Amino acid sequence: MSALGPVLLVLIGGAVGTLVRAVLEDTFAAGPGEWPWTTFAINVSGSFLLGALVSALAVRGDDSGGRRRVRLAVGTGVLGGFTTYSTFIVEVDELLRDGALGLGTAYALGSVVAGVLAAGLGVLLGGARTTPVDPDEAGR
């Protein structure tokens, strides 16, 4: 893979993830003073999927070849573009500035806790294997 290859994988994957997120955020926008369910669902599901992906790739071998390309394109690219902690912070700020202290605090803490738990669950499920890795295939 040329030096530009990994950058292109992340760029294309990121564009896909960002597009999906933007469509979801536009379609299911939260109203003022409401829990931002779309961003919450995006970030929690993205955390789960990233944990599962990285764990699934790790149990199959080292970070090289096709596994590295998948990690870059899907993990860093698609899921990195899909999740949106910048929007999350803006939404927390808006809730707090609008006087919804309880909701803003619950959203901030709930998002972080749910995201960490989802990532942990993803790691557990993604790393579960029913058959051992063939050492001859591990480096491919």
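Residues count as buried under 20% relative accessible area, as exposed over 50%, and as partly exposed in between (1.4 Å probe, protein chains only). The model is predicted: local features need pLDDT of at least 70, side-chain atom pairs count only at pLDDT 80 or more, and totals for chains, interfaces and linings use all residues. Numbering starts from 1 along each chain as its sequence is written, and side-chain values use heavy atoms, without hydrogens and water.

Val20 is partly exposed because its relative accessibility is 39%. Val20 lies in helix H1 (residues 4-27); helices are DSSP runs of H or I with at least four residues, and strands are E runs of at least two, numbered from the N terminus.

The UniProt record, an unreviewed entry, lists residues 38-58, 70-88 and 100-125 as "transmembrane region". Such annotations may be inferred rather than shown by experiment. Residues 38-58 are 100% helix and 0% strand, with end C-alpha atoms 30 Å apart. Residues 70-88 are 89% helix and 0% strand, with end C-alpha atoms 26 Å apart.

The whole structure holds 6 aromatic pairs (Phe, Tyr and Trp rings, the six-membered one for Trp, with centres within 6.5 Å; planes under 30 degrees apart are stacked, over 60 edge-to-face, the rest tilted). Trp35 and Phe40 are edge-to-face, because their centres lie 5.5 Å apart and their planes meet at 70°. Phe40 is buried at 17%, and Trp35 is buried at 18%. Trp35 and Tyr107 are also edge-to-face, with centres 5.2 Å apart and planes at 75°. This pair links distant parts of the chain, 72 residues apart: Trp35 sits in the loop between H1 and helix H2 (37-59), Tyr107 in helix H5 (residues 101-127). One aromatic cluster comprises Trp35, Trp37, Phe40, Tyr85, Phe88 and Tyr107.
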